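Subject: Structure handover

Hello,

Here is the structure for you to look over. My notes on what turned up follow below it.

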Amino acid sequence: MSTATTPASRKVHRPRADALRNRERIVTAAREMFVEHGLDVPLDEIARRAGVGNATVYRNFPDREALVREVVCSVMDRTAEAAEVALAETGDAFAALEHFVHAAADERISALCPMISSTFDQHHPDLEASRERIEQLVEEVMGRAKAAGQLRPDVGVGDLLIVVAQLSRPPAGTDCLHGDRFVHRHLQLFLDGLRAPARSVLPGTAVTIKELRAC
């Protein structure tokens, strides 16, 4: 008796290209609007900016928590990709670190802080995987700069991520979009302070990932 698999049973259902594009547009629109207006922005406004119908949003994301989680993971994954690009650079290790920091700021990583702390389960497997990936990659980028004697040894991954988040977040009461023009200027001032040899003694100890998660 033949056990050959029929064509019908071998068929794998994959999302159509247009469905994938719609999902990406929804995530991009949500990311922009969460940064501009906060997490309470109406989902129909997100649908309008993405150029899709409300039904398409709910077909991809059954509730706000699912959409927010996808936005957070998307930003973290893109930031991790920026770290991978930095690691692939074969020249100046500190320059690679600088490139990563500026790229992370462009991803609006600062917008993740209120999303992660107030919206959903911080231990969701998707979030944990994205977070662990970026933490490991940033540690490698910083480790390479330290090994080259270019990065002061008394700073940790937590120090870097906290400052990038704080400096890329617009001050309270200011226009978010107008504040963007200061971000890279202030980040460069911070980066100059990271160069070895250190010109001062930092209070306390280097902030680790474990400490950062406990904040």
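Arg49 forms a salt bridge with Glu32, with the closest N and O atoms 3.3 Å apart. A salt bridge here is a side-chain nitrogen of Lys or Arg within 4 Å of a carboxyl oxygen of Asp or Glu. Arg49 sits in helix α3 and Glu32 in helix α2, so the pair ties together parts that are 17 residues apart in sequence. Helices are DSSP runs (H or I, at least four residues), strands likewise (E, at least two), numbered from the N terminus. Arg49 counts as partly exposed at 38% relative accessibility, and Glu32 is partly exposed at 31%. The cut-offs: buried is under 20% relative accessible area, exposed is over 50%, partly exposed is in between (1.4 Å probe, protein chains only).

Ground rules before the rest. This is a predicted model, where local features need pLDDT of at least 70 and side-chain atom pairs count only at pLDDT 80 or more, while totals for chains, interfaces and linings use all residues. Residues are numbered from 1 along each chain as its sequence is written, and side-chain values use heavy atoms, with hydrogens and water left out.

A search of the whole structure finds eleven. One joins the side chains of Glu107 and Arg31 (3.6 Å, N to O). Glu107 lies in the loop between α6 and α7 (112–118) and Arg31 in helix α2, so this pair links parts 76 residues apart in sequence. Both Glu107 and Arg31 are buried. Another joins Glu98 and Arg195 at 3.8 Å, N to O. Glu98 is in helix α6 and Arg195 in the loop between α10 and α11, so parts 97 residues apart in sequence are tied together. Glu98 counts as buried at 12% relative accessibility; Arg195 counts as partly exposed at 33%. Shared partners also join Arg31, Arg78 and Glu107 into one salt-bridge network.

Next, the core. The largest nonpolar core has 53 residues. Such a core is a set of buried Ala, Val, Leu, Ile, Met, Phe, Trp, Tyr and Cys residues joined through side-chain atoms within 4.5 Å. Phe34, Ile46, Leu67, Phe100 and Leu160 have the most contacts inside this core. The elements giving it two or more residues are α2 (17–37), α3 (43–50), α5 (64–88), α6 (93–106), α8, α9 and α10 (176–194). α5 gives the most, with eleven residues. Leaving aside neighbours within four places in sequence, Phe100 is in contact (heavy atoms within 4.5 Å) with Thr79, Ala82, Ala83, Ala86, Val138 and Leu160.

In α9, Val157, Gly158, Leu160, Leu161, Val164 and Ala165 are buried. Seen down the axis of α9, its buried residues fall within an arc of 165°, so they line one face of the helix. That arc uses the directions from the helix axis to the C-beta atoms.

Two loop items. Gln150 is in the loop between α8 (125–147) and α9 (157–167). Gln150 counts as buried, at 19% relative accessibility. Not counting residues up to four places away in sequence, Gln150 touches Asp92, Ala93, Phe94, Ala145, Leu194, Arg195 and Ala196. A cis peptide bond joins Ala196 and Pro197, with omega about 0°. Pro197 is in the loop between α10 and α11 (209–214). Most peptide bonds are trans.

Best wishes
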